[in-house]
Amino acid sequence: MTSLISLADYNTKVVVLGVLALGTSCGFIGSFMLLRKRALMADTVSHSTLPGIAMAFLLMVAGGQDGKWLPGLLLGALLSGLAGMGAVIAVQRWTRIKEDAALGIVLSVFFGLGVSLLGIIQKMSSGSAAGLESFIYGKTASMLAADAILIAAVGAFSLLLCGALFKEFTLLCFDPDFATSQGLPVLLLDVALMSLVVLLTVIGLQAVGLILVIALLIIPPASARFWTDNLSVMAFLAAAFGGVAGGVGALLSAMAPKWPAGAVIVLANSLLFTLSFTFGTTRGLVVRWKERRTLNRKIARQHLMRALFELGEETGSDLVPWDRVSAERSWSQQALRREVERAKSQGLVEESGSNLSLTESGMTKAARVVRNHRLWETYLITHADIAPSHVDRDADMVEHILDKALIAELEALLQAEHHLPSPHPRDEGVSP
Amino acid sequence: MSGAPAQHLEHSVLSPLSIHDMTVAYQRKPVLWDIDLDLPPGKLVGILGPNGAGKSTLIKASLDLIPRASGRVHIFGKPYKEQRHLVAYVPQRESVDWDFPVSALDVVTMGLYGKLGWFRRVGKKEKALAQEALERVGMGEYSARQIRQLSGGQQQRVFLARALVQDAPVTFMDEPFAGVDAATEKAIVALLESLREAGKTVVVVHHDLQTMAEYFDHLVMLNMRVVAAGPTEEVFNEENLRKTYGGRLTMLDTVADALRRSKE
């Protein structure tokens with residue numbers, strides 16, 4: 001019963017809506033951050049907000065104000081986050097330290113500074129500092145309607161800006177050099193993108209805390225990538241994932257107050273990630289496993305077709321003894337049986353006694369496979385210097401890759417050597 | 001300088017690329033010194049030189065992609081910044097992540113972003129232009145493919161289409177022939193020739209000495225400085241090649257072979 005009451009609670013609604021808005025905008029902008037390969041930069045920035053929060057508190061207390069006035073704290077976080085970003089750029093630019101090390105240094109130094117300042121604050125004042133640590137782990141329960149409105153407003157602003165710059169951000173992420181040559185101010189765009197990230201980080205501090213806010217920016221786009229190869233679809237899907245996970249996480253945490261919201265939201269996100277990773281229609285595990293199986297079957301079928309065709313050629317008879325076929329590719333009896341059954345069901349192969357033969361449609365198909373294969377072989381032999389790594393023989397019919405003149409040339413070569421049968425001695429075998 | 005005399009046309013308005021006294025340095029080490037160059041219009045220009053000679057650097061520094069320590073670069077008589085719209089650029093294929101979630105057509109439309117301007121979306125007109133460019137490089141049927149699913153040569157052709165769609169009088173290509181299949185190589189050569197027929201200038205970083213004389217009208221032989229620059233028949237000789245590549249034995253055979261071929 002208590003959970004139902006808290007669901008109807010005004011404050012719960014506020015929190016849920018606020019986190020939903022946060023998740024949506026983080027997912028959308030996070031897509032570009034991920035593609036710009038700046039995920040760790042965002043993590044560093046979020047950790048660098050801590051000294052700013054502490055310093056803002058100290059300044060406000062010194063000025064005789066309430067140290068926990070939220071806009072003041074967030075402004076401190078924003079400035080300090082931007083300083084962290086600047087520090088990374090400076091370290092990279094003026095020392096020869098590589099990016100990963102620069103990120104590590106800035107993250108730990110800023111966070112360390114923040115923790116020390118918090119320690120000082122706690123000793124110095126009489127309990128009024130309690131609650132500042134909630135910025136580290138997040139504490140949705142303390143969110144007010146005004147906070148939710150702030151989050152929604154900043155989120156909407158980031159979405160609008162990112163939507164307006166969609167094409168520019170796309171080019172920035174894909175090919176910054178080309179963007180420069182098109183006259184786009186790459187540095188400015190980079191700063192704009194990272195500033196949006198900093199802004200979202202800062203407004204997300206209260207809800208999920210500075211350690212976990214990075215998850216809202218990274219996980220939804222990473223999940224979305226499993227479902228699509230289209231950037232627009234990816235960004236909108238990431239926004240949806242982020243929003244749903246945020247809303248659901250905040251709800252769960254409201255119903256079971258012992259679960260910190262930040263952690264629950266991240267767990268909800270990771271559940272979506274696991275589902276995407278497994279079932280994603282573009283690059284999920286299942287799809288990839290199916291593709292691999294289809295490919296393996298196709299290769300096995302082509303091997304069988306070629307074996308039957310070539311053995312038939314050799315003996316001049318359509319009927320090929322089972323044993324010859326299994327010896328040809330050292331197939332196990334079961335493997336061959338499985339392939340033959342599959343080919344039979346597709347109407348490509350007939351079995352009579354211990355002999356196998358190609359059906360009419362099987363013969364047509366086999367002839368095409370053999371021809372394609374031999375042309376590729378010849379191509380690789382005669383153009384060995386350029387070819388090997390640039391052709392995918394199984395996926396591409398030779399006509400799709402090589403032009404007509406070259407194919408005619410290869411065919412002439414094969415015919416001249418009486419090799420429109422095989423261009424290579426049989427004992428060399430054929431690699432798949 | 002053997003072959004062509006050093007020309008100082010003082011940034012002729014006719015020259016598609018005119019470089020004066022350019023030096024480029026990475027960290028403290030200069031990679032290009034005192035480059036003076038005036039390219040003639042309407043030619044296919046090959047830039048050759050050994051690895052590390054600064055071939056790509058020459059292009060990148062000319063296009064403001066890396067800072068110059070000194071020197072001026074003019075495109076048709078004016079600084080590059082003012083003439084950007086006249087220049088198309090094909091970066092090295094390896095310079096981007098081909099796993100990026102865009103289609104071949106999307107990549108080609110990127111060539112129109114500069115013209116399109118801020119905040120405006122890609123429309124039907126841009127897509128039609130991009131499709132046309134893809135067809136010109138023989139990639140018409142691949143427009144909807146995600147770029148990761150293309151072979152290396154096909155990816156290179158997508159990059160070329162992106163430059164084509166810019167319809168610029170000058171195009172810079174950074175190693176377009178690197179690691180492509182025979183069909184793509186032929187397609188690129190045909191494309192270069194059609195660009196020359198249309199009166200455009202193409203500047204190409206190229207590695208293969210065997211095909212150098214066959215593909216290009218004008219050469220820039222580079223090894224941290226300009227060793228020689230001029231019409232191919234004037235500068236492509238053993239002496240200049242030795243100066244460019246040094247006396248490395250393995251090179252010399254290739255050089256002799258290349259020379260023999262160029263005279264055939």
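I started with H5(A) and H6(A), which are oblique to each other, because their axes cross at roughly 140° and angles under 35 degrees count as roughly parallel, over 145 as roughly antiparallel, 65 to 115 as roughly perpendicular and the rest as oblique. H5(A) covers residues 70-94 and H6(A) residues 99-124, and their axes come within 9 Å. Axes here are lines fitted to C-alpha atoms, for helices over the stretch in contact, with angles running from 0 to 180 degrees between N-to-C directions. Helices (H or I, at least four residues) and strands (E, at least two) are DSSP runs, numbered from the N terminus.

Note on the source: this is a predicted model, where local features need pLDDT of at least 70 and side-chain atom pairs count only at pLDDT 80 or more, while totals for chains, interfaces and linings use all residues. Residues are numbered from 1 along each chain as its sequence is written, and chains are lettered from A and ligands numbered from 1 in the order in which they are written.

Which residues of H5(A) meet H6(A)? I found Gly84(A), Ala87(A), Val88(A), Val91(A) and Gln92(A) on the H5(A) side. Among their partners in H6(A) are Glu99(A), Leu103(A) and Phe110(A). Contact means C-beta atoms, placed from the backbone, within 7 Å. I get eight nonpolar, two polar and one charged residue there (Ala, Val, Leu, Ile, Met, Phe, Trp, Tyr, Cys and Pro count as nonpolar, Asp, Glu, Lys and Arg as charged, and the others, Gly among them, as polar).

Next I checked H2(A) (residues 10-35) against H11(A) (residues 186-225): the axes come within 6 Å and cross at roughly 60°. This pair is therefore oblique as well. Their contact has 20 nonpolar, seven polar and no charged residues.

Then I went to the sheet. It is open, with three strands in the order E1-E3-E2 (chain A) and antiparallel pairing; strands pair if DSSP finds at least two bridges between them. E1 (320-321) and E2 (349-352) of chain A are the edges, each pairing on one side only. E1(A) joins E3(A) (residues 355-358) over two bridges, and Val320(A) stands opposite Leu356(A). I also saw H16(A) (residues 333-345) lying across E2 and E3 of chain A, at about 115° to E2(A).

Last, I looked at where the chains touch. Chain B gives 27 residues and chain A 28. On the chain B side, H7(B) has the largest share, three residues. That side divides into 15 nonpolar, seven polar and five charged residues.

Definitions and conventions: Two residues are in contact if their C-beta atoms, placed from the backbone, lie within 7 Å.
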